[in-house]
Amino acid sequence: MKPNSGTLVINIMNGGKAEAYEGVYQCTARNERGAAISNNIVIRPSRSPLWTKEKLEPNQVREGDSLVLHCRPPVGLPPPIIFWMDNAFQRLPQSERVSQGLNGDLYFSNVQPEDTREDYICYARFNHTQTIQQKQPISVKVFSMDSLNDTIAANLSDTDIYGAKPVTERQPVLLTPTGSTSTKVELRGNVLLLECIAAGLPTPVIRWIKEGGELPANRTFFENFKKTLKIIDVSEADSGNYKCIARNILGSAHHVISVTVKAAPYWITAPRNLVLSPGEDGTLICRANGNPKPNISWLANGVPIAIAPEDPSRKVDGDTIIFSHVQERSSAVYQCNASNEYGYLLANAFVNVLAEPPRILTSANKLYQVISDSPALLDCAYFGSPKPEIEWFKGVKGSILRGNEYIFHDNGTLEIPVAQKDSTGTYTCVARNELGKIQNEVQLEVKDPTMIIKQPEYKVVQRYGHVSFECIIKHDSTLLPTVIWLKDNDELPDDERFLVGKDNLTIMNVTDRDDGTYTCIVNTTLDSVSASAVLTVVARPNPPFDLELTGQLERSVELSWIPGDENNSPITNFVIEYEDGLHEPGVWHYQTEVPGTQTTVQLKLSPYVNYSFRVIAVNEIGRSQPSEPSEQYLTKSANPDENPSNVQGIGSEPDNLVITWESLKGFQSNGPGLQYKVSWRQKDVDDEWTSVIVANVSKYIVSGTPTFVPYEIKVQALNDLGYAPEPSEVIGHSGEDLPMVAPGNVQVHVVNSTLAKVHWDPVPLKTVRGHLQGYKVYYWKVQSLSRRSRRHVEKKILTFRGNKTFGMLPGLEPYSSYKLNVRVVNGKGEGPASPDKVFKTPEGVPSSPSFLKITNPTLDSLTLEWGSPTHPNGVLTSYILKFQPINNTHELGPLVEIRIPANESSLILKNLNYSTRYKFYFNAQTSVGSGSQITEEAVTIMDEAGILRPAVGAGKGYSETLFATSPVMHTVRPTFYKVQPLYPRIRNVTTAAAETYANISWEYEGPDHANFYVEYGVAGSKEDWKKEIVNGSRSFFVLKGLTPGTAYKVRVGAEGLSGFRSSEDVFETGPAMASRQVDIATQGWFIGLMCAVALLILILLIVCFIRRNKGGKYPVKEKEDAHADPEIQPMKEDDGTFGEYSDAEDHKPLKKGSRTPSDRTVKKEDSDDSLVDYGEGVNGQFNEDGSFIGQYSGKKEKEPAEGNESSEAPSPVNAMNSFV
């Protein structure tokens, strides 16, 4: 025996005989608790005995008879495997006629002459000993009927009439088993083999049936050409009568095998170990079945229970042992033996009487991690006697777990079928019995499931493109996921084209091999998810191949081909092209196309063409490369099928006719020697056709024709084989000449000041001498009736197509004298002109005045100068001037209208309000009406002396007595109002540009409180417009940061008015140049001047100091009091009204708003209506002629002065302030 083991080793390698150890062995294991025994183990040595020697006689058999060659192998252990071979160790062929039986014999249902041989050898292979035994060869000789009759005839006299009968057919006879019935016994669970082999001629066919039932499905097999019925894993239900039937054309034979299935003992309930605590009851059950029914016997510690030591706590009742009030001495190992004639069963069962307090075998604080919504199994492996009760708690002070949401297994495991996030926590397992109690805690963590929130999607990509599959995941923050990409459930190819990113897989330069299914697998320690997508690589189809021409006829041929690979994009159609190797070698022409499902086409052919064809496949991706050209096919020559097209006859000179046509293509000639027969005759004249045959050209000139007469023309094709069909006739004309006469009776009707209608009589058609194309009217302005000044005559031409006799002359200038004439036009040119006709246009409304300038602003007056209209369009009768004030809330005041004589060019408006902005509307009038107006704005200067200060109306901002003293004005309405036009309108957008900025102004008519914006961009550029928001409702804006010398486009819009915008205006900034400004701070004269001024101021301060100390007024003060100069009057800080110097104020410092600063600006705090409010910084100035060039602005602070503004003349306000 092996040490520390129950294994018994028998080694006969060093000598000894196996037979010495033959016998039955049994193992017994024993300790103080009892003894257990094993099943009987039978040891038998393997045997492979030799064949007994026997004398074998040759088998002589008549053809058609049956034959059995017996093997009778020696009995070995285990039984040998039998097979038949010849001397060359080749297995003998077997069939329905010749086969080996289960006993190893070789059966011949009928012998044939080819069965004759002397080396039928039976072999027995003993696998355990790895030996093969051989029987002596058996000889078989088959006699045919013919040879047998010859032998008999040679040995008998002529008087004998005996002869062997020929081979006759026989009905089946069973060779094995013999008789009509037999029996077969098989054990349950084994394989049942039933055999029937029959003799007969022809060879019988075997069929099996079960009487009174069906052969068991899925367990029935037929072997050895259906001569053997095989049923595996048999049971008692397979018992019954099985019939084999052998049948041929002469009849049948059958045999019934009665099968009985017996059974060695098998367990129904095997005894199991029993753990009892002292005083408990229990049972051991040993139940087995078999056929015949097995006998049950009990052993205790390997000894039959009848002779074993008595135990008052046990009682044997057949197959059951009953234990009552056991004690610790009742512990023992019991054996149950179930046996019948076919075998036995033996099982050990340990009855252990034990008193043990509970023990929990699961490790403490074990951590369990599961995914949400999946089951959680918390182990609590325990041991104890009596069997402990298991309870589960959640948390430290939780209550016992009960209910359907938990499953409690017998082994102590707690199952949570669907764990949620709130299932996380500590769980306590408590095991208790009457001997004690123990508990153990385990931890459960429920994690968020891993999800693929953006799965890869099906992709179709063209070859050599690139594609990307996304795989965006969401996972529990405490789990570390790993992402793996697979292609067709295998690893990605080791190719640098495959780029695996954090959330995607990108494949560059996709090829056909990349086609397949790509799977994204995300793994964590607790779960795994995956998603797949298919990549389909498409490309242009491969070119068709194997082109074949069949069915060649004179005018048709059938072309077939094999399509190339469509590359995952179905072929939609095939394009067939042809090459004419005779006329245009190397040039391929379109022939036809067919659907993608078609691979043959019948092609129409033309004569005298050497055809080659090729096929192009087309799919959604594109066209394939052309296929290889087909074989060439030259069609026979024939007469032309068609004549030239587009035949025309047009003369190039008055005495010729040029006949032209489109020549036939090379393959249209249908044969060699292509020529044309050109025929013509004058129409409507009884003339014969004149014909000429010309070479393959496209033009023929007929000379000596009358001028512009119609001709009938036809051109016919011909070749060496004959003419084309008769051509159709066309009408042409010989050459044209200039028209002979001018239109007569020309009349002009003036419709209005800019439109006239002219009439004329048509010329006779015969004088046109060509195709009448229409009439031309030449007209020109002779002079303007208002200016009496002649200028360069510019003639205008209007053409009226066809045979019209009138026309309209638009775009005339009013109050002008015009001349016109009319000429007829044909294809050759113009005819003579009609006599000039003089007409005059009436007066119209004038254009706007050429300019309007407002100069010399004072406290209460403005000077207006204007230029006459560029186009007065009549005699001017007067000018109309309208104007109205604008207050600081952008409201319009009363509208005043003045009519001015036409000979005036300037006007001084008096009695205006000081420091007030006015808007002017100016237009000219003729007797017809008013022309378009021009607008300007200007501001009167500020009153600083407190003189003529008007009373301001509540909320109005202006005096009600406006212009009350003006003898040439009248007020339309004395109160202010806001203009409410019928529709919003932005017009008169004007620009004044410098190098890097531009001043944009506009006029607006529409709803109040409109928010404006200015859009601008480089002219001609496709870039988006830049947008600037205008503060408040001002009607001007300064664009800054512009590029010098650049053309810009600009437009103005109003927000909230459905995107209403003005028309575009274009301006150009000035070229960049060096600043001409001179820094006067560095000039000597300026430094000297400043020194003198400083000295003067110092002297004045000293004088003032002396005079103040004396308590009197100094002369300057007296002068100010006497003259009350408005420019030097101080303003009170509290209400902004004008004050004056007084003795009480002599001792106070100067007030904050009493003077304008020395930087030549007017502070906002000095006046709400100062000039600064209406201009962009120093731009709010007057130019040299005194007109206002600033723009209306809402800015509260002064903008920095531009560098070139020092050269401008200062305004009156600045001039006075400069020395304060």
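Visitor: Why is histidine 254 called partly exposed?

Guide: Buried means under 20% relative accessible area and exposed means over 50%, with partly exposed in between (1.4 Å probe, protein chains only). Histidine 254 has a relative accessible area of 44%, so histidine 254 is partly exposed. This is a predicted model, in which local features need pLDDT of at least 70 and side-chain atom pairs count only at pLDDT 80 or more, while totals for chains, interfaces and linings use all residues. Residues are numbered from 1 along each chain as its sequence is written, and side-chain values use heavy atoms, with hydrogens and water left out.

Visitor: What makes a residue a contact of histidine 254, and which residues are in contact with it?

Guide: Contact means heavy atoms within 4.5 Å. Leaving aside neighbours within four places in sequence, histidine 254 is in contact with Leu174, Ser180, Lys243, Cys244 and Ile245.

Visitor: In which strand does histidine 254 lie?

Guide: Histidine 254 belongs to strand β21, residues 251-269. Strands (E, at least two residues) and helices (H or I, at least four) are DSSP runs, numbered from the N terminus. The protein chain has four helices and 86 strands.

Visitor: What makes strands β27 and β28 a pair?

Guide: Two strands pair if DSSP finds at least two bridges between them. Four bridges join β27 (residues 314-317) to β28 (residues 320-323), therefore the two strands pair, and they run antiparallel. Lysine 315 has isoleucine 322 in β28 as its bridge partner. The two strands form a hairpin with two residues between them, and glycine 318 in the turn has a positive phi of about 65°.
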